[in-house]
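Me: I'd like to go through this one with you. Can you take my questions as they come?

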Number of protein chains: 2
Amino acid sequence: MGVTKTEIFTEQQNRLADLAKAFAHPARVAILQLLAQKKACVCGDLVDELPLAQATVSQHLKELKRIGIIQGDINPPRVCYCINETVWEEARQAFGSLLDTFAVTTTGCC
Amino acid sequence: MGVTKTEIFTEQQNRLADLAKAFAHPARVAILQLLAQKKACVCGDLVDELPLAQATVSQHLKELKRIGIIQGDINPPRVCYCINETVWEEARQAFGSLLDTFAVTTTGCC
DNA sequence: TACATTCATCGCAATATTACGATGTATTTT
DNA sequence: AAAATACATCGTAATATTGCGATGAATGTA
């Protein structure tokens, strides 16, 4: 159906899946890398850095904002985007704790 | 179009996006949590643990195998699934290094 | 051999995602 | 006021994803 049955999973699982979506497209990875590497906000040059149409970049930015991992502050005539530190940290912990689960209890099976 | 322009991004970006897809659906998060928490392989009970049809679970397992993060060892009449440690570690480093990029250089902008 | 068990795959329907041109909305500049 | 700049949104087309019933393939069991 293309529709995810979110109601049958835990809040935590749905949230982690949503956070993962932020990284689940190379264009969004590129955007997040740019924002994370710069020490300041990126104001507008995002479209220039990516070989995608302005409308497409805007759509990816919208999705990242929906997830909450970035924020856009209007600073006419431009908009300044930057990482939302709180959500970034949330992602760090969410991925970290899941990915560390295995690292410690590993007991080579199969 | 629904088709990602993978050719315009780096190998690294495409790989990270692919690894993220493993976590980008709550059912796959649930599967990976089960596999990571158990100390041994999970042989077949996966369908019982999830409120999804067998065909659907099988499809998610196929996607996880394509990404490489799990492996399925045939052990008739069952198949034993477990985390692929190498790829799991790859994901840990990939997410870790990106998510840590910001943590150290943070300089509150906006 | 016939049957049951376990899992993969096929085929379908519904929805989601990706991409982009065109257009709309503010705001600044001339 | 008119034009330019920067970005969002709309509409559309193409492809991908999600989910499931039905069916197929492989192995073990009666």
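**Salt bridges, interface and helix packing**

Reply: Over all chains, the structure holds ten salt bridges. Keep in mind that this is a predicted model.

Me: Ok. What does A:Glu90 form a salt bridge with?

Reply: Its partner is A:Arg15, and the closest N and O atoms of the pair are 2.8 Å apart. The two residues sit in distant parts of the chain, 75 residues apart: A:Glu90 belongs to helix α5 (residues 85–105) of chain A and A:Arg15 to helix α1 (residues 11–23) of chain A.

Me: And how many salt bridges does the rule find across the interface of chain B and chain A?

Reply: Two. One salt bridge joins A:Arg92 to B:Asp100, with 2.3 Å between the closest N and O atoms.

Me: How many residue pairs are in polar contact across that interface of chain B and chain A?

Reply: Eight, counting pairs with both residues at pLDDT 80 or more.

Me: Which elements of chain B supply the side that touches chain A?

Reply: α1 (11–23), α2 (26–37), β3 (78–83) and α5 (85–105) of chain B each give at least two residues to that side. The largest share is from α5(B), with twelve residues.

Me: What's that side of chain B like by class?

Reply: It has 28 nonpolar, twelve polar and seven charged residues.

Me: How many residues are in contact, and what area is buried between the chains?

Reply: 47 residues of chain B are in contact with 48 residues of chain A. The buried area is about 4300 Å², and carbon and sulfur atoms give 74% of that.

Me: Switching to packing inside chain B. At what angle do α1(B) and α2(B) pack?

Reply: About 85 degrees, with the axes 6 Å apart. The two helices α1(B) and α2(B) are therefore roughly perpendicular to each other.

Me: Which residues make the contact?

Reply: From α1(B), B:Lys21, B:Ala22 and B:Phe23; from α2(B), B:Arg28, B:Val29 and B:Leu32. By class, the contact of α1(B) with α2(B) has four nonpolar, no polar and two charged residues.

Me: What about α2(B) and helix α4, how do their axes cross?

Reply: At roughly 70 degrees, and the axes of α2(B) and α4 (residues 54–67) of chain B come within 10 Å.

Key:
Residues numbered from 1 in each chain as written. Chains lettered and ligands numbered in written order. Predicted model: local features only at pLDDT ≥ 70, side-chain atom pairs only at ≥ 80, totals over all residues. Heavy atoms only, no water. Contact = heavy atoms within 4.5 Å. Buried area = accessible area lost by both parts, 1.4 Å probe. Salt bridge = Lys/Arg side-chain N within 4 Å of Asp/Glu carboxyl O. Polar contact = N/O pair within 3.5 Å; in protein donor to acceptor, adjacent residues only side chain to side chain. Helix = DSSP H or I, 4+ residues; strand = E, 2+ residues; numbered from the N terminus. Nonpolar A, V, L, I, M, F, W, Y, C, P; charged D, E, K, R; others polar. Axes fitted to C-alpha atoms, helices over the stretch in contact; angles between N-to-C directions. Parallel < 35°, antiparallel > 145°, perpendicular 65-115°, else oblique.
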